[in-house]
Amino acid sequence: MITNGHPLDALSDPTRRHIFEQLKAGPRSVGDLAADLPVSRPAVSQHLRVLENVGLVTHRRNGTRHLYELDAAGVAVLRNWVDGFWTEALARFKQVAERKGESS
Amino acid sequence: MNDVAVIEVVRKSVTVDCAVEEAFRIFTAEATSWWPVGSHSLYGDTVKDVVFEEHEGGEVYELTESGEKGHWATVLAWEPPHRLVLAWEVSPSVIGTEVEIRFLPEEDGTRVELEHGGWEHVAAEAPAKRDDYADGWDFVLSTYVERV
């Protein structure tokens, strides 16, 4: 559906979607995120890396803890993806609507 | 997360050469005929139907050949043939966003205007809302997570 390395592609995994949703509420640590999920901490770390690689998530150090949070720039990428999506969808809508008009 | 910049609303418009009633009907009741499901749906090419439940509180969803359902949106306003507002949840990335579609009569047809906004909800969600949100997310994700 979506090209490699795209934010939405990273979100095609349910666990990553869940992590992304959790981060909307604010920064969380890996342990904190793992406590809510039926997967191990290393698995959560792996998912966070994928999200970070596509720019949806960023992390910072807070004392000895790493806190992960949403990256606003990544959200802007999603917004732009939706922009492109509606351009394509409306073009198809127009095609179909006008074809029907001609045949009726 | 409070310093997230406001992300611009997506605005689109297209003019079609049919009456508003027809344009509204094709957009909703006949969405299957034009929606690019191959590239823009949860189940891709296996989607056989795109359904708009025609009332406020109704659901917009896709249905696959084998009967699986993918939730896209909830109808917030159903005002045929002029206006439609949807709480758009097709992808987790766009949960909390809102799409408003207006059908405006023009001399030779209909102008369809679409606005997809609410990106600030995606970028920053108030901690106080977290519990409510988690419930909403459980609902949305049920079709995915339960099966995995």
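## Fold of chain A

From the N terminus on, the elements of chain A follow the order α-α-β-α-α-β-β-α, which amounts to five helices and three strands; helices (H or I, at least four residues) and strands (E, at least two) are DSSP runs, numbered from the N terminus.

## Model and confidence

This is a predicted model, in which local features need pLDDT of at least 70 and side-chain atom pairs count only at pLDDT 80 or more, whereas totals for chains, interfaces and linings use all residues. Residues are numbered from 1 along each chain as its sequence is written, while chains are lettered from A and ligands numbered from 1 in the order in which they are written.

The pLDDT, the predictor's confidence in each residue on a scale from 0 to 100, averages 83 over chain A, with 88% of the residues scoring at least 70. Among the elements of chain A, the lowest mean pLDDT, 71, belongs to helix α1 (residues 7–10) of chain A, and the highest, 94, to strand β1 (residues 28–29) of chain A. Where pLDDT is low, the predicted coordinates should not be read in detail.

## The sheet and its helices

The three strands form an open sheet in the order β1-β3-β2 (chain A), with antiparallel pairing; two strands count as paired if DSSP finds at least two bridges between them. The edge strands, each pairing on one side only, are β1 and β2 (57–62) of chain A. Between β1(A) and strand β3 (residues 65–70) of chain A there are two bridges, and R28(A) stands opposite Y68(A) in β3(A). Six bridges join β2(A) and β3(A), and R60(A) has L67(A) in β3(A) as its bridge partner. The hairpin of these two strands has two residues between them, and there G63(A) takes a positive phi near 65°.

Helix α2 (residues 14–23) of chain A packs on the sheet, touching β1, β2 and β3 of chain A, and its direction makes about 90° with that of β3(A). Helix α4 (residues 41–53) of chain A lies across β2 and β3 of chain A at about 120° to β2(A). Axes are lines fitted to C-alpha atoms, for helices over the stretch in contact, and angles run from 0 to 180 degrees between N-to-C directions.

## Core and contacts

The largest nonpolar core has 48 residues, and those with the most contacts inside it include L48(A), V57(A) and F27(B); such a core is a set of buried Ala, Val, Leu, Ile, Met, Phe, Trp, Tyr and Cys residues joined through C-beta atoms within 7 Å. Its largest share, eight residues, comes from helix α5 (residues 72–103) of chain A.

Of the 104 residues in chain A, 33% are buried, meaning that 20 or more other C-beta atoms, placed from the backbone, lie within 10 Å of the residue's own.

Definitions and conventions. Buried ≥ 20, exposed ≤ 12 C-beta atoms within 10 Å, placed from the backbone. Contact = placed C-beta atoms within 7 Å.
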